[in-house]
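This report looks at charged side chains and how they pair. Please keep the sequence and the 3D view at hand while reading.

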Amino acid sequence: MDRFAQTPEPPYYAVIFTSQRTEGENGYGEMAERMVRLASGQPGFLGVESVRDASGFGVTVSYWSSLEAIREWKRHEEHRAAQAKGKTVWYEHYVARICKVERDYALHSLR
């Protein structure tokens, strides 16, 4: 599986979600996978990239075609339930940032 999101030519939008997890799994992995599957089916979803280190610090970047698509995802019923649980169970701290991608470039491996 390619770990890099396959995004179109800019402009498009990115939601950068930086977080520090609490101790314990508490169903987090299963819910995170469910949210990616759900988001993947939403109009305007372009892709996602995510990493987390051993201390629980993580960064997830989801890519969207428009601000409206991001708003609709934020309002999705199951996503709202996951957000609520994140605030009470899974996250010690988080920050969400929404950015407009105006330019991108890449190095592609020859392999």
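## Glu72 and its partner

At 41% relative accessibility, Glu72 is partly exposed, a term that covers the range between buried (under 20% relative accessible area) and exposed (over 50%), computed with a 1.4 Å probe on protein chains only. Glu72 forms a salt bridge with Arg75, with 2.5 Å between the closest N and O atoms; a salt bridge here is a side-chain nitrogen of Lys or Arg within 4 Å of a carboxyl oxygen of Asp or Glu. Both residues belong to helix α2 (residues 67-75), where they sit 3 residues apart, about one turn of the helix. Helices are DSSP runs (H or I) of at least four residues, numbered from the N terminus.

The model is predicted, so local features need pLDDT of at least 70 and side-chain atom pairs count only at pLDDT 80 or more, whereas totals for chains, interfaces and linings use all residues. Residues are numbered from 1 along each chain as its sequence is written, and side-chain values use heavy atoms, leaving out hydrogens and water.

## A network of salt bridges

Arg75, partly exposed at 46% relative accessibility, also forms a salt bridge with Glu68, the closest N and O atoms being 3.3 Å apart. Glu68 is itself partly exposed, with a relative accessible area of 37%. Salt bridges link Glu68, Arg71, Glu72 and Arg75 in a network.

The structure holds 4 salt bridges, and one of them joins Glu78 to Arg34, whose closest N and O atoms are 2.8 Å apart. Because Glu78 lies in helix α3 (residues 77-90) and Arg34 in helix α1 (residues 28-40), this pair ties together parts that are 44 residues apart in sequence.

How values were computed: Helices (H or I, at least four residues) and strands (E, at least two) are DSSP runs, numbered from the N terminus.
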